[in-house]
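Trainee: Before we discuss any assignment, could we look at the model together, so that each term can be set against its definition?

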Amino acid sequence: MYKSILVPVDLAEADLAAPAIAAAESFATASDGTVRLVYVRSLVPITYMEFVPADFDAGQQNEAEQQLAEIAAKVKLPSERVSAKVLVGSVHGEVLAEADASGADLIVIGSHEPGMLAYVIGSNASTIVRRAKCSVLVVR
């Protein structure tokens with residue numbers, strides 16, 4: 001079955017990840033696998049850096065790590081089988097790179113009805129589904 005499961009989480013819509021995390025828990029329980037939660041922060045454009053405090057980026061990273069750790073602590077698996085990581089970059093690019101680097105054999109993504117913008121430029125979930133080297137489960 002699936003031994004290494006990756007679950008992208010959007011901290012701005014953390015409740016959207018709940019069904020995905022529940023599905024990942026089920027798969028991990030059945031196969032004695034692990035769950036890795038990831039959140040991808042956006043890069044702050046260099047042109048804005050002069051307008052934010054010097055420690056802005058570090059503060060954003062720390063806050064994201066704390067929020068993701070709180071979500072990870074609620075996963076119903078032994079703590080040694082749950083991990084969390086905050087990445088920086090494009091969502092689909094970082095999720096796919098993390099899946100490759102961690103040896104994930106399943107990515108579980110929470111999704112909602114796409115808006116018009118997603119139809120025009122594509123969503124992160126659809127890009128991950130198209131480009132992932134491992135299985136992907138999209139949970140609504």
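Trainee: Which elements do the buried residues of α5 pack against?

Mentor: They pack against α3 (91-102), β4 (106-110) and β5 (135-139), where contact means heavy atoms within 4.5 Å. Helices (H or I, at least four residues) and strands (E, at least two) are DSSP runs, numbered from the N terminus. Please keep in mind that this is a predicted model, in which local features need pLDDT of at least 70 and side-chain atom pairs count only at pLDDT 80 or more, while totals for chains, interfaces and linings use all residues. Residues are numbered from 1 along each chain as its sequence is written, and side-chain values use heavy atoms, with hydrogens and water left out.

Trainee: Which residues of helix α5 are the buried ones, and what puts them on the same side of α5?

Mentor: In α5 (residues 124-131) the buried residues are Ala125, Thr127 and Ile128. Because they cover an arc of only 165° around the axis, they lie on the same side of α5; the arc is that of the directions from the helix axis to the C-beta atoms.

Trainee: Why are β3 and β5 said to stand at the edges?

Mentor: Five strands form an open, parallel sheet in the order β3-β2-β1-β4-β5. In it, β3 (82-88) and β5 each have a single partner strand, so one side of each is left without a neighbour in the sheet. Neighbouring strands of this sheet are turned by 25° against each other on average, direction ignored.

Trainee: How do you know that β4 and β5 pair?

Mentor: Two strands pair if DSSP finds at least two bridges between them, and β4 and β5 are joined in the parallel sense over five bridges. As one example, leucine 106 has serine 135 in β5 as its bridge partner.

Trainee: What does α1 lie across, and at what angle does it run to β4?

Mentor: Helix α1 lies across β1 (4-8), β2, β4 and β5, and runs at about 150° to β4. Here axes are lines fitted to C-alpha atoms, for helices over the stretch in contact, and angles run from 0 to 180 degrees between N-to-C directions.

Trainee: What makes aspartate 32 and arginine 81 a salt bridge?

Mentor: The term requires a side-chain nitrogen of Lys or Arg within 4 Å of a carboxyl oxygen of Asp or Glu, and the closest N and O atoms of aspartate 32 and arginine 81 are 3.3 Å apart. Aspartate 32 sits in the loop between α1 and β2, whereas arginine 81 sits in the loop between α2 and β3, 49 residues apart.

Trainee: Are these two residues buried or exposed?

Mentor: Buried means under 20% relative accessible area, exposed over 50%, and partly exposed in between, with a 1.4 Å probe and protein chains only. Aspartate 32, with 53%, is therefore exposed, whereas arginine 81, with 16%, is buried. Aspartate 32 also has a positive phi of about 55°, although it is not a glycine.
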